[in-house]
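Please read the following note alongside the model.

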Amino acid sequence: MTVFYHIYALGLGQVWIAVGLALGYSLSWVYEAPRLRTFSIVSDDAITIPQYLTNRFKSSSRTLQIISAAVFLVAYTIYAASSIKACGTLFNTVTGLDTTIAMYLAALIVISYTFLGGFSAVSWTDFFQGMLVLAAMLIVPIAAGTMLEPGASASIDTQNYWNIFSSWQDIVSGLGWGLGYFGMPHIIIRFMSINTQKELRKSAKIGISWTLIILIFAALVGVIGRMFIGYDEAINNNSLVFVVMTRRIFPAIISGILLSAVLAAAMSTADSQLLAAASAFASDVYRPVFRGNKASNREMLWAGRIVVLAIALIALYIASRPDAGSIMSLVSNAWGVFGSAFGPAILLSLFWKRFTFAGASCGIFTGAIIDIWWLLNMSDTGVYEIIPGFFAGLVVAYVV
């Protein structure tokens, strides 16, 4: 979804984000997923990234688990805030419901089914929500395209909008988005959870095909949306191009169904994030650090639920603040932290036999810190923070 917001506002040069995401997702399925599934089984059936890395090096130290949990909690809270803010914005635009109330309602729904069904509920809801997103992304840009007036592209007041090679920063930053997939916990957990090699191959085909279709049509939404409704600062700031376009094209009942796809995308992202954060905290911090590996399954369940609730409440607070930033900026910030911190460590653990526990710990810490530092101090360079963060983490992990 982030792709069409960037293209709508800034031009076709942002299509490199879609290219980067397509390459990153495909490569992660082809090269990372098979090895990660096998390695996680060998590593005592690890179900989280910190657990996998600790077992991979046969270490009794909890340093890596604590560092990872800290990164998880920070990044997932920001990520969840973006999803909750998207839900609130949609409800406010479509129904007039107060944005803050809508955020609380969306958070309550996501927390409820995550509490009740855990991984199974998240998997099934993600499947149906994904189908809804796919249908909406196919229908809306095609319908809008058929309604464009001849010469609509000329209505865009700058020729630079159509320049796919607008700047080297756009190209490098766009391709850099693909690095995030190698360290994205809620993606990696799914790699670990696949039962058989046969299912892995089938899942890879479905996942890559689905993502490529979504990215192509997301780019079309951005371009056609700019021609169909023109540029509007309010639409851009609140990430409403898809919402406005849908409401102008279709009658109320149909647009309501299609707009629920936006809500579905936000919720499917939020539930995966909350579940991954809860699993990481319960398995990697609560049980080994606070309970000395003596916690029962029921106790672990409730520890995870408390984390889900805590992250959701903090995310609600962030999302409701007027200075929280746009949905796009929140997503890109969380994506950058995850990719920079965990991407290098995961890849080296799978493909380099000499990789060590100390290298993984230092690489994760460095990647996260450099990513955040670049965001705060060097964002005016136009280079997405995941790039310096990822490669700094990679170098430090290798050297240590």
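1. Contact here means heavy atoms within 4.5 Å. Leaving aside neighbours within four places in sequence, Ser-332 is in contact with Trp-177, Tyr-384 and Glu-385. The model is a predicted one, in which local features need pLDDT of at least 70 and side-chain atom pairs count only at pLDDT 80 or more, while totals for chains, interfaces and linings use all residues. Residues are numbered from 1 along each chain as its sequence is written, and side-chain values use heavy atoms, with hydrogens and water left out.

2. Ser-332 lies in helix 13; helices (H or I, at least four residues) are DSSP runs numbered from the N terminus. Ser-332 counts as buried, at 13% relative accessibility. The term buried means under 20% relative accessible area, exposed means over 50%, and partly exposed lies in between (1.4 Å probe, protein chains only).

3. Asn-333 is also placed in helix 13, which covers residues 327-351. With a relative accessible area of 18%, Asn-333 is buried. Residues up to four places away in sequence not being counted, Asn-333 touches Ile-78, Asp-371, Leu-375 and Glu-385.

4. Two packed helices are described by the angle between their axes and the distance between the axes. The axes are lines fitted to C-alpha atoms, for helices over the stretch in contact, and angles run from 0 to 180 degrees between N-to-C directions. Helix 4 (residues 63-95) and helix 14 (residues 357-377) have axes that come within 10 Å and cross at roughly 20 degrees. Helix 4 is therefore roughly parallel to helix 14 (angles under 35 degrees count as roughly parallel, over 145 as roughly antiparallel, 65 to 115 as roughly perpendicular and the rest as oblique).

5. Thr-63, Leu-64, Ile-67, Ser-68 and Val-71 of helix 4 meet Phe-357, Ala-360, Ser-361, Ile-364, Phe-365 and Ala-368 of helix 14. By class, this contact has 8 nonpolar, 3 polar and no charged residues. Ala, Val, Leu, Ile, Met, Phe, Trp, Tyr, Cys and Pro count as nonpolar, Asp, Glu, Lys and Arg as charged, and the others, Gly among them, as polar.

6. The largest nonpolar core has 123 residues, and those with the most contacts inside it include Leu-53 and Trp-335. Such a core is a set of buried Ala, Val, Leu, Ile, Met, Phe, Trp, Tyr and Cys residues joined through side-chain atoms within 4.5 Å. Beyond neighbours within four places in sequence, Leu-53 is in contact with Leu-64, Ala-345, Ile-346, Ser-349 and Ile-364.

Conventions. Helices (H or I, at least four residues) and strands (E, at least two) are DSSP runs, numbered from the N terminus.
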